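Here are my notes for your first look at this model. Keep the structure open as you read, and take the points in order.

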Amino acid sequence: MTSYTWYFLRRLGQFVLVVFVGINIVFFVTHATPIDPVEQAISSATQFGQSDPRAVEIMRKALRELYGLDGTLWQQYLTFWRRLATGDFGPSLSAFPTPVSKLIGQALPWTVGLLATSTLTAWCIGNFMGGLAGYYRRNRLLKAAGIFAMGLQPIPSYIMSLVVLILFGYFWPILPITGGFEMNIHPGFTFSFISSVVTHSLLPVLSLTLITIGAWFVGMRSLVSNIISEDYVVYAELAGVDRHKILTSYVMRNALMPQLTGLALSLGGIFNGAIITEVVFGYPGLGTLLIRGVNAGDYSLVLGIASISIIAVATAVFAIDLLYPLLDPRVKIR
Amino acid sequence: MLKIVRDLFRHNREFAVGSILVLLVVGLVVASFFSPYPPLDSYLVPPDTPPSWDHLLGTNSRGQDVFWQLTIAMRNSLFFGISVAVISRVISLVIGLVSGYAGGMVDRILMSINDTFVVIPLFPILTLFYFMMHDHMSWTLLALAMASLGWPYDARLIRSVALSLRNREFTTQSIFSGMSMRQILVEDHLPYVLPIVFSTTLNNINWSIGLEVTLSVIGLTNIETPTIGTMIYWANQHTAMVAGVWWWVLAPVATVIMTFIGLFLLSVSMNEFIDPRTRLARMGA
């Protein structure tokens, strides 16, 4: 067996573990808590006036089956996995009778688009600038960029989105601050729709990029400033290799590997940030749907989004893991 | 110790700025004990007055003084952050030290569990948790939930330090003199990892306050307790920005940003102090 196959199998194992543990946490949270979602739905349905006890009993039975909460705990556990495997979370209560999977399917592309654009932008710019800052340590502009990045890094996504929202919605209103596209445009493959989607995504993408760019910048800078004192770099410099070549193919290339691992490890956190940013900007992705589900008391929807989020992030991490050997040839040879 | 702090203050700009910001925040927390208004009562002062000498940061639409409200909110948020950080430190220390010391199979298993927890997105899970708990949601429960999910990143850092201690002579010496694993970890290895534990604690406080603010602002916590997050939540509920009561939003946002940057700079300067390589680079070597 080649070493790449081994690597692939190991990462696949990690992927399965993430999904398994994540889904078990979700099951634990829904079943170890003292509150029964069925009773909660019934009490919110019956709070306005009296209901026939027989009707309530029928409703209770239907909801139990709908939520997969009938039978023993073990049966419920198996039902839970079966539903997950078939992608069937039942109908959504707040948007009855649309299935939860359809609602999630509509929201997911927005989140993925937002996440991919901002992560890619932040990762590329942050690493490039950070690499420059680590290599040209005396450059004043890069030093200033470093201070800026340091200030950005610890700000959590909600606060950053709020600040961006206030700046561009209140003080300098030039960009749309809510929604995914203009209300009066029909979704389709037309220029006006696409440009509307792009302008609406600018602010969420901007805040998400700002949140993560600092970490990449600072991380890359410290990696590069460690690498430039390595013997092989000093040797290359003494041998008169072009400085640009040293920076790109000797220093940055090596520093990118831990940064790619870092990307895989921080993807869960970035995902949290994306969801929160969506809520702030009313962006029609998973985050907005999740909060809508919570406010509407829609158990299936919240459960479905939590499960899908875990699977989506695990898949993305797995994809990055598979890219890794492209950057680090040692994985293939060993 | 005092000399180190003085030197850091003089030569390390991150430490100086960070500690000033954190001291300001601590000052707010201390001030909260002298608040002339009970924190939960409303309509004590004229609502919606802009900042003035009587009310330093103005008053909000619920008739509360924003400055004194802010001090209590900061105290609760900081206390919450510290509790989460302390509880999760216990988990990350145990996992990190054991994993680094044991090595081999144990290390691999623990680290793959660790990486699993790093990757799992917390926000949907915490939202689900709130959804299940609703009115039964308390700050203690939230702190426990967050602590039991927020340890893995730091466990990995601690493990990387512990790994290097494993083959040091004093560890071998301790093994030969018959010390148990627990003794070696607590008496030999713990002191070495303490500095990094301290710096991760600061980062974890940041992380937990950030998550608290986020959850509260969306209304997924006990919104009756004044925290930085619930303060922004109530401001949003009263549409403070639209109504022109900007000081109600600006005060908590500015304070919490100050806290984040302060704690973060402190942890960065701690890391630099621990790592001699960056100290050398700073001296120009």
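Leaving aside its neighbours within four places in sequence, which residues is Ile305(A) in contact with? Point 5 gives the reply.

1. **Confidence.** This is a predicted model. It scores ipTM 0.85 and pTM 0.86. Chain B has a mean pLDDT of 85, and 96% of its residues reach 70 or more. Within chain B, helix H13 (residues 276–283) has the lowest confidence, at a mean of 58. Helix H3 (residues 66–102) of chain B has the highest, at 92.

2. **Make-up of chain A.** Chain A has 13 helices and 0 strands. Its C-alpha atoms fill a box of roughly 90 × 60 × 40 Å along the principal axes. Chain A has 334 residues, and 39% of them count as buried. Take the contacts in chain A between residues at least 6 apart in sequence: 73% of these join residues at least 24 apart.

3. Helix H3 of chain A (residues 53–67) has 15 residues. From first C-alpha to last it reaches 21 Å, close to the 21 Å expected at 1.5 Å a residue. Gly68(A) follows H3(A), and its phi is positive, near 70°. Now try helix H5 of chain A, residues 100–135. Its 36 residues should span 52 Å at 1.5 Å a residue, and its end C-alpha atoms are 50 Å apart, so the two values agree. H5(A) does bend, by about 30° at Ala107(A). A proline, Pro109(A), follows within four residues.

4. **Where the chains meet.** On chain A, 45 residues are in contact with 34 residues of chain B. Several helices of chain A give two or more residues to this side, among them H1 (3–32), H8 (191–227) and H10 (243–281). By class, the side of chain A that touches chain B has 34 nonpolar, 11 polar and no charged residues.

5. **The nonpolar cores.** The largest core has 141 residues. The members that touch the most others are Leu267(A), Val302(A), Ile305(A), Val313(A), Ile125(B), Leu128(B) and Ile232(B). H10(A) gives the most to this core, with 15 residues. Back to the opening question. Beyond its sequence neighbours within four places, Ile305(A) is in contact with Ile104(A), Leu286(A), Leu289(A), Leu290(A), Gly293(A) and Pro124(B). A second, separate core has 13 residues, including Leu93(B), Ala155(B), Ile158(B) and Ile184(B).

Conventions: Residues numbered from 1 in each chain as written. Chains lettered and ligands numbered in written order. Predicted model: local features only at pLDDT ≥ 70, side-chain atom pairs only at ≥ 80, totals over all residues. Expected span 1.5 Å × (residues − 1). Bend = angle between axes of the 7 residues up to and from the residue. Contact = placed C-beta atoms within 7 Å. Nonpolar A, V, L, I, M, F, W, Y, C, P; charged D, E, K, R; others polar. pLDDT = per-residue confidence, 0-100. Buried ≥ 20, exposed ≤ 12 C-beta atoms within 10 Å, placed from the backbone. Core = buried A, V, L, I, M, F, W, Y, C linked by C-beta atoms within 7 Å.
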